[in-house]
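Here's a quick walk through a two-chain model, with the fold, the contact and the confidence scores in turn. Have the viewer open as you read.

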Amino acid sequence: MSDISDHKKPSLREWLTSDAPTSRRQAKFSAYYRSWLALRSNPMAMFGLLILLFLLAIAAFAPIISPHDPFAQDLALRLSAPGENNYILGSDSLGRDILSRLIYGSRITLYIVALVALMAPIVGLFVGTAAGYLGGWVDVVLMRITDIFLAFPRLVLALAFVSALGAGIENAVLAIVLTAWPPYARIARAETLTIRNADYIHAIKLQGAGALRVITKHIWPLCISSLVIRVTLDMAGIILTAAGLGFLGLGAQPPSPEWGAMISAGRQFILDHWWVATMPGLAIFTVSLAFNLLGDGLRDVLDPKKSGK
Amino acid sequence: MALTTDQEQRKRRRKSSFSPWIMGFGRVAFTVAITMIGLLFITFIIGRVMPIDPVLSIVGESASKSTYDEAYRQLGLDKPIIVQFFIFLWDVVRGDFGESLLTARPVLDDLIRVFPATLELATVGTIIGVGLGVPLGVIAAVKQGTWIDHIARVVALIGYSMPVFWIGLIGLLVFYGKLGWISGPGRLDIFYVDIIPTVTGMILIDSLLAGDTSVFWNAVSHIILPAGLLAYYSLAYISRMTRSFMLEQLDQEYITTARVKGLSEHAVVWRHALGNVKVPLITVIALSYAGLLEGSVLTETIFSWPGIGLYITTALLSADMNAVLGGTVVVGLVFVCLNIFSDLLYKFFDPRAK
């Protein structure tokens with residue numbers, strides 16, 4: 001009951017919301033918790049987050065929840081309408097269950113998004129921080145290259161890359177990364193320029209830290225949050241580009257249940273068998289909408305000055 | 001663009017010694033030149049790393065070693081890569097992109113033939129997108145937080161999230177397949193093709209020039225859906241940007257002054273506030289126009305629209321590398337030009353940017 005015991009054993013929530021953190025760890029977690037509270041009060045963002053968690057669960061448990069084998073063909077039951085012959089969302093032109101293919105396709109979508117979302121910001125981070133910190137001709141050269149890549153229309157550049165490298169998921173990912181990194185480089189450079197002359201950077205340099213150490217240990221951590229926001233907002237675009245490449249036959253190859261390729265396969269049946277192309281499109285739409293909602297919410301929470309409020 | 005203080009100071013110093021116009025022009029010209037060369041270099045590299053052997057595609061599999069070597073030399077592949085790049089650069093400057101494997105005609109001729117179709121599509125899309133997007137953005141800003149604002153936000157979010165090739169298919173299914181309100185893929189019905197002389201290559205304009213309204217209305221019924229889709233994408237972007245520009249202006253003190261003066265709300269919003277966002281808005285519109293040129297790649301595929309997007313994708317699938325690279329260069333150059341154009345507009349029309 002005494003005050004002392006209260007101080008020793010605060011509840012988790014009290015510990016997280018404390019105004020006077022006693023350790024660095026507590027301050028950090030407390031900042032995370034406050035962001036989370038702000039995000040939780042945004043229903044649209046929470047809706048997006050829920051959809052994405054649902055997608056993750058579907059991808060993780062695909063073999064358990066999918067009613068059919070996504071590759072099993074049954075030509076006798078081809079192009080069954082939704083609900084017919086035990087196919088909840090219908091079957092495609094080879095009699096494969098569309099629902100099961102969508103469930104397995106979520107793995108491909110997540111795979112592409114995860115790879116691009118990891119690689120593109122890292123490339124941008126390297127280029128941007130190097131340009132911003134080193135300055136001089138390094139900055140000029142790197143930023144010129146960035147501008148040249150920015151000047152290209154993304155989809156057309158990705159198309160040209162994939163056609164040169166050959167069709168396939170890995171090459172599609174590579175092409176998207178090559179077209180997606182420039183904005184991250186711009187952001188990382190802008191962040192670097194604002195912290196480059198901070199007192200604590202000078203202090204570290206006085207202690208004898210080299211450029212590599214300053215960049216990796218003291219500049220990178222501060223660039224992360226703005227990159228994360230940008231990545232979340234870009235995810236929808238990544239999904240749409242990947243699906244577009246798949247639709248043109250340049251991404252995942254058949255019989256892979258990639259959503260864009262599935263739309264392409266259903267295209268010739270669109271007038272009589274609408275569900276073959278419609279269902280995968282709905283899946284793409286739902287997931288990219290979820291990423292957009294979450295990205296919008298994250299931006300409001302983490303970066304209030306840019307949210308226009 | 002984030003400018004550091006020392007950069008700003010450097011700029012100011014330069015301006016005091018040189019005429020800002022000449023300096024500005026020189027810098028823009030330099031930037032354009034570097035960007036264009038870089039763009040061509042990337043395209044060149046793409047053409048070099050492709051797995052297709054350009055010699056084999058000319059001489060065939062069964063050619064003898066000497067024939068192969070001869071063709072190899074003729075294509076200039078024995079020269080150092082940097083020399084090859086300058087040859088490529090010179091070819092592009094002369095407008096020589098080689099011959100298309102698919103059409104057996106110079107790629108440049110093909111591009112000139114297909115480009116007006118894309119231009120027509122993107123232009124109609126932009127006009128509709130601006131016509132609806134700007135008012136939507138203004139109203140959303142004025143009625144911030146009300147249901148109109150929320151609807152505008154949802155409309156934009158859906159636009160950002162929808163795969164254009166999918167919604168194009170659905171649109172065809174509903175409006176062409178089920179309802180029969182519009183015409184199907186292509187630019188004209190088969191019996192309207194080649195009736196009117198080609199002047200600009202844009203059928204809507206050509207048919208009006210020829211005074212043939214039946215062709216015009218047929219063309220309208222073909223373009224309305226693909227252009228409407230592209231318009232939706234530009235509407236999503238333009239309305240969001242308009243809203244945020246307007247919110248910034250409506251917060252300013254001169255707006256309060258105008259209201260205190262007794263100006264009507266209509267004049268305050270549409271004349272004073274909107275008048276002040278005109279310049280950034282034009283920039284945004286130019287960018288979205290460039291975006292539509294790109295967005296037309298997938299849209300044209302769906303609607304069999306014989307423009308540059310369909311040309312590139314058809315060439316891709318038949319490994320017609322000359323056509324792909326030529327198309328990429330042209331789209332890239334148009335893109336760069338529009339970007340620079342919007343930058344220049346900003347610089348010349350906004351006194352604060354000078």
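How many helices and strands are there in chain A? Chain A has 13 helices and zero strands, where helices are DSSP runs of H or I with at least four residues and strands are E runs of at least two, numbered from the N terminus.

A bit of housekeeping: this is a predicted model, local features need pLDDT of at least 70, side-chain atom pairs count only at pLDDT 80 or more, and totals for chains, interfaces and linings use all residues. Residues are numbered from 1 along each chain as written, while chains are lettered from A and ligands numbered from 1 in the order written.

Back to chain A: its C-alpha atoms fill a box of roughly 75 × 65 × 35 Å along the principal axes. Of its 309 residues, 43% are buried, meaning 20 or more other C-beta atoms, placed from the backbone, lie within 10 Å of the residue's own.

Where the chains touch, chain B brings 41 residues and chain A brings 39 residues; a contact means C-beta atoms, placed from the backbone, within 7 Å. On the chain B side, H2(B) gives the most, with eight residues.

Now for confidence. The model scores ipTM 0.80 and pTM 0.83.

| Element of chain B | Residues | Mean pLDDT |
|---|---|---|
| Helix H1, lowest | 5–17 | 50 |
| Helix H6, highest | 107–142 | 91 |

Note on methods: Contact = placed C-beta atoms within 7 Å. Buried ≥ 20, exposed ≤ 12 C-beta atoms within 10 Å, placed from the backbone. pLDDT = per-residue confidence, 0-100.
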